[in-house]
Amino acid sequence: MYFTKIRMHPIMIPIIIYLIATAQLAHYSIIICSLIFHELGHIAAAKWTGLKLTSCTILPYGGAIKIKNLYLAPSHQQWLIAIAGPLATAVLYLTAQFFTFPGQAFFNQVQLTILALNLIPILPLDGGQALKAILPKYHQNTHLALSICVSTLLILVTYNQMHLAFIFTFIAFQNIRTWQYRKYEEAFNKIVTKQLTLP
């Protein structure tokens with residue numbers, strides 16, 4: 001049931017085309033399977049906390065999970081769901097070290113890249129989501145603004161590593177769009193919260 005809610009973001013298409021065009025199908029398989037396994041960590045945590053998953057979109061750095069009324073969940077549950085993805089990736093990486101298989105060096109590189117990226121405490125990465133879960137509400141706009149600044153700075157820092165610069169550009173645009181629509185989201189959340197608390 002949960003697998004039917006996993007989708008791939010259109011931004012992944014040029015990456016897949018590039019890997020296929022350069023005959024790197026094995027690399028493509030490792031990347032996609034690693035990203036899905038990462039997201040399964042989030043999905044498992046959401047199911048364990050009793051929250052309802054509405055969708056899961058695979059992105060270059062992991063994915064975007066939508067959970068019904070997540071903002072109403074206790075902070076510790078939000079934090080657990082956010083950190084479950086990196087935890088799943090860490091478990092996969094550590095487990096792989098007990099085996100020897102073709103392409104292991106690339107496999108390890110993919111896991112460590114996904115893990116390192118998602119531990120950066122900026123939105124919408126898992127590290128940023130975990131930090132957001134424990135931040136007071138009045139600091140969350142500041143956190144979003146800092147995420148825009150840091151992701152933009154990381155584009156400049158990684159300009160000579162195209163794949164990372166591409167990911168951070170995508171992240172920066174995501175954050176800018178979230179900043180533009182933040183007031184509408186806040187208003188919508190208030191309306192939903194009010195409706196749910198009505199007798």
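**Exercise 1: a residue at the surface**

V157 is exposed, because its relative accessible area is 53% (exposed means over 50%, buried under 20%, partly exposed in between, with a 1.4 Å probe and protein chains only). This is a predicted model, where local features need pLDDT of at least 70, side-chain atom pairs count only at pLDDT 80 or more, and totals for chains, interfaces and linings use all residues. Residues are numbered from 1 along each chain as its sequence is written, and side-chain values use heavy atoms, with hydrogens and water left out.

Task: find the helix that holds V157.

Solution: V157 belongs to helix 6, residues 140-157 (helices are DSSP runs of H or I, at least four residues, and strands of E, at least two, numbered from the N terminus).

**Exercise 2: the span of a helix**

Task: check the span of helix 4 (residues 104-118).

Solution: 
- Take 1.5 Å times one less than the number of residues.
- The buried residues of helix 4, F106 and I114 among them, pack against helices 2, 3, 5 and 7 (contact means heavy atoms within 4.5 Å).

**Exercise 3: the largest core**

Task: which residues of the largest nonpolar core touch the most other members?

Solution: 
- A nonpolar core joins buried Ala, Val, Leu, Ile, Met, Phe, Trp, Tyr and Cys residues through side-chain atoms within 4.5 Å.
- Among its 23 residues, the answer is I67 and I81.
- Helix 2 gives the most to this core, 6 residues.
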